[in-house]
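Dear colleague,

Please find below the structure that I am handing over to you, with its sequence.

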Amino acid sequence: MSQQAVDGSWQMVEDAVFRLFEELAGKRAGEHLAIGGRLTELGWSEIEAEYPVEACELLFRAQGRSLALTDCLDRVMLAELAGVLDGPVAHVLLPDLSTNCMPGFDADQVSGIVLGPLEGRIVVPVAGPNSTVSVAVVDASRLDGRRLDTFDASTHWTGVSGSIDTPPVEATNEWKNAVTAARRALATELVELAEQALRIAVEHVSVRVQFGAPIGSFQSPRHALADASAVLAGARALLGEAWRDGGELLALAAKAAAGRAHRAVSDVALQVCGAIGLTAEHDLHRYVTRGFQVDALCGSHDQLEGLLAERLFEDSDEGWAPGRALPAVVTWTD
């Protein structure tokens with residue numbers, strides 16, 4: 001980031017993107033928007049070429065901060081799948097929430113989730129033998145869709161079912177890369193949502209007075225907020241490593257840590273803000289419910305923590321059995 005600090009260009013990019021997302025969230029609240037045209041106006045292809053990692057990360061920071069609803073996740077996944085697609089595609093069909101984003105579809109019947117309304121051409125992943133994955137592209141008109149009753153009522157998710165009418169193409173590596181990119185992106189959005197919830201809670205305890213003193217002057221809320229802040233800082237650090245590393249395992253871990261941190265911050269923020277934090281007039285619930293919704297995509301933190309444990313035991317040299325010590329995650333060398 002040293003070049004960015006020197007020439008100041010990255011700060012201008014950040015400011016422009018944050019303004020764009022705030023505009024979309026304010027003027028078109030509740031709409032799920034295709035953002036490609038607006039990014040093109042900013043010269044996004046040149047920005048991505050100069051700052052490939054930071055540009056992707058910025059989109060999801062802005063989305064979490066503004067609570068805008070865009071097709072950014074589809075864009076990220078489709079970029080990884082582009083090599084096996086035969087033309088423009090609108091959406092990726094995500095597997096049902098119970099599957100950790102591992103495809104469970106077959107060619108006879110598919111079901112899953114589309115973010116936003118069901119329209120355009122849809123990429124459908126199909127599980128094959130030996131953990132292979134193929135993808136097919138299906139026109140939305142050939143599928144049935146219904147808007148889902150979601151925890152965050154402001155989001156627009158569509159439950160999709162139907163059958164594949166085109167032969168799938170082998171895409172195991174491309175699908176793995178798409179899910180890895182999605183988990184990094186979602187983790188970034190979750191961390192930003194948690195940051196905003198924590199900010200609201202800190203502001204509340206700083207001005208709310210009880211027994212003649214601000215709530216924030218009492219030990220209990222201060223300690224609770226400090227603990228939540230520490231959990232969030234750990235998730236943020238792990239997320240930074242995931243962006244630098246680019247690998248599957250760190251993306252999985254970052255998504256799990258971000259979901260866990262968002263839950264920790266939400267619990268404390270709702271506690272210190274009291275009943276007002278649950279009202280529609282207060283902003284806190286918007287960042288809490290959106291985070292719970294985002295956490296469910298591509299594996300919730302509970303699901304991914306279980307998957308990480310399985311990976312840990314599988315990768316150990318001797319396996320694991322009752323009575324045997326757990327394999328070391330970190331080893332020290334002289």
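In this predicted model, strand S6 (residues 157-162) and S2 pair in the antiparallel sense, and six bridges join them. One of the residues concerned is Val114, whose bridge partner in S6 is Thr158.

This pairing belongs to an open sheet of three strands, arranged in the order S2-S6-S5 with antiparallel pairing. Strand S2 (110-115) and strand S5 (143-147) stand at the edges; each has a single partner strand, so one side of each is left without a neighbour in the sheet. On average, and with direction ignored, neighbouring strands of this sheet are turned by 25° against each other.

Helix H8 (residues 219-245) packs with helix H9 (residues 248-273) at an angle of about 160°, and their axes are 8 Å apart. Because angles over 145 degrees count as roughly antiparallel, H8 is roughly antiparallel to H9. The crossing of H8 and H9 is left-handed.

On the H8 side, the residues that make the contact include Pro221, Leu225, Val231, Leu232, Leu238 and Leu239, together with Glu241 and Asp245. H9 contributes, among them, Leu250, Ala254, Ala257, Ala261, Val265, Val268 and Val272.

Yours sincerely

Methods
Residues are numbered from 1 along each chain as its sequence is written. This is a predicted model: local features need pLDDT of at least 70, side-chain atom pairs count only at pLDDT 80 or more; totals for chains, interfaces and linings use all residues. Side-chain values use heavy atoms; hydrogens and water are left out. Axes are lines fitted to C-alpha atoms, for helices over the stretch in contact, and angles run from 0 to 180 degrees between N-to-C directions. Helices (H or I, at least four residues) and strands (E, at least two) are DSSP runs, numbered from the N terminus. Angles under 35 degrees count as roughly parallel, over 145 as roughly antiparallel, 65 to 115 as roughly perpendicular and the rest as oblique. A crossing is left-handed if the near helix is turned anticlockwise from the far one by less than a right angle, and right-handed if clockwise. Contact means heavy atoms within 4.5 Å. Two strands pair if DSSP finds at least two bridges between them.
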